[in-house]
Amino acid sequence: MNRIVCLRQVLKVLAVATLMNVNATAHAATLRWAGAGELVSCDPAVSVDTSTLVLLGHIYERLVTRDKQFALAPSLAISWETLSPTVTRFKLRPGVRFHDGAAFTADDVAFSIERARLPTSLIKSNTVGVKAAVRIDDLTVEIHTERPMPTLLNQLYLIPMMSRAWAIKHGVTGPADYVGGKENFATRHANGTGPYRLKSFESGGKVVLAADPKWWGKREGNVTEGLYVPIRSNATRLAALVSGEVDLLIDPPVQDLERLKGNAQIKLLQIPEPRVIVLQFDLARDELLFSTVKGKNPFKDRRVREAIRLAIDSDALHRKVMRGNSIPTTSLIAKGVTGYSAKADPPARFDQARGRQLLAEAGYPQGFGVTLDCTNDRYILDEQICSALAGMMS
């Protein structure tokens, strides 16, 4: 119980300017879109930022993907079978080529998984429990695990496939130390098997993608070029959409949604997003770094954690801060994601009187001071949510 869930599935809102018919199929088109986030690196092994994952998802593919209902589906692997509790055999899709023309084989799978396990990789948690990736032939690979792993496919969904030959050629067999500020060839260049190839990645975050005419899959729509521009300012980003400078916003400001609904040239698409926004306690330290309590960590007392949970009015956050564009929850797993259980997602209780009672029982009848760290302009209305939380806990 080291996390408190505040809101689930902040609704993904897309604002599309109908100045350009993105559904037309008769002619090729350039899609210009914007968001607050930016591409931080083209290296898929250091890509844990959401905006980066979304952009690289058009370039790099995985053994398995997710369909429009979020269910696991074949991608670079067309089938798989369990040979034993710790061995799963995957048959790879024939005829797949990287953007440089090289064939995709089992050697690339084994290489990508081993590369993801390296110390400088920020996706190595997705390889936990994986013992080895063994090549059987060009189109067959076996994944050996340390124990039976029902989560194997979920983890493989998060490991993009890279070209072993390309990585060796350019000296990027290991990810650069992104946390340490290091870069290598893979930071600014990419070579995947996806529907779009990287055309350019400019300073300032502008990214241009070009459709790969030799992609193995069936392309939906008519977009042959994608232009992404990060615009951090909400007002500037919205103005770019309204003026027609961009065709699509992936994160229009929630406070402006009603105004956008009144614009005949703007179409809003609201989609439940499987993101969970949580409040997490520091339970690792015996003494908190920033607190009026010295010599111990009050969060290690369950009564304190429960008191904070009871102090948070999730429905008020939903109605007033998020303006109805969220779903209150008590589950760390969003509905639609493997592992979700309605039984583990009861309505959140809001009872400040009981919370004060629990604090007193834990030895803090007057409460205590602690620093609340939050993100700013990373998630929808994150600063406003944080300010509301601080007020509720006070």
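Biologist: In what order do the strands of the open sheet with β6 and β8 stand?
Modeller: The order is β6-β7-β9-β8, with 4 strands and antiparallel pairing. Two strands count as paired if DSSP finds at least two bridges between them. Strands (E, at least two residues) and helices (H or I, at least four residues) are DSSP runs, numbered from the N terminus.

Biologist: Which strands are at the edges?
Modeller: The edge strands are β6 (77-84) and β8, each of which pairs on one side only. On average, neighbouring strands of this sheet are turned by 20° against each other, direction ignored. Such angles run from 0 to 180 degrees between N-to-C directions, and the axes are lines fitted to C-alpha atoms, for helices over the stretch in contact.

Biologist: What should I know about the model itself?
Modeller: This is a predicted model, in which local features need pLDDT of at least 70 and side-chain atom pairs count only at pLDDT 80 or more, while totals for chains, interfaces and linings use all residues. Residues are numbered from 1 along each chain as its sequence is written, and side-chain values use heavy atoms, with hydrogens and water left out.

Biologist: Back to the sheet, then. How many bridges join β6 to β7?
Modeller: There are 6 bridges between β6 and β7, which run antiparallel. The two strands form a hairpin with 2 residues between them. A77 stands opposite L92 in β7.

Biologist: And how many bridges hold β8 and β9?
Modeller: β8 pairs with strand β9 (residues 140-145) over 6 bridges, in the antiparallel sense. V141 in β9 is the bridge partner of R135.

Biologist: Which strands does α2 touch when it packs on the sheet?
Modeller: Helix α2 touches β7 (87-92), β8 and β9, and its direction makes about 170° with that of β8. Contact here means heavy atoms within 4.5 Å.

Biologist: Why is α2 described as largely enclosed?
Modeller: Because 9 of its 11 residues are buried, α2 is largely enclosed by the rest of the structure. Buried means under 20% relative accessible area, exposed over 50%, and partly exposed in between (1.4 Å probe, protein chains only). The buried residues of α2 include V109, F111 and I113. Among the elements that cover them are α3 (152-156), α4 (164-169) and α5 (185-188).

Biologist: How many salt bridges does the structure hold?
Modeller: The structure holds 19 salt bridges. One of them joins D251 and R237, at 3.1 Å, N to O. D251 lies in the loop between β13 (248-249) and α7 (257-261) and R237 in helix α6 (residues 234-243), so the pair ties together parts that are 14 residues apart in sequence.

Biologist: Is R237 buried or exposed?
Modeller: R237 is buried, at 2% relative accessibility.

Biologist: New topic. Which residues touch the most other members of the largest nonpolar core?
Modeller: They are V304, I308, I312 and L317, in a core of 34 residues. The elements that give two or more residues to this core are α6, α7, α8 (302-311), α9 (314-321), α10 (352-361) and α11 (382-393). A nonpolar core is a set of buried Ala, Val, Leu, Ile, Met, Phe, Trp, Tyr and Cys residues joined through side-chain atoms within 4.5 Å. Leaving aside neighbours within four places in sequence, V304 is in contact with residues including F299, L359 and F368.

Biologist: Lastly, which cysteines form a disulfide?
Modeller: C374 and C386 do, with their sulfur atoms 1.9 Å apart. C374 is in the loop between α10 and α11 and C386 in helix α11, 12 residues apart. The cut-off for a disulfide is a pair of cysteine sulfur atoms within 2.5 Å. The torsion about the S-S bond is about 70°, so this disulfide is right-handed. C374 is partly exposed, with a relative accessible area of 38%, whereas C386 is buried, at 14%.

How values were computed:
A salt bridge is a side-chain nitrogen of Lys or Arg within 4 Å of a carboxyl oxygen of Asp or Glu.
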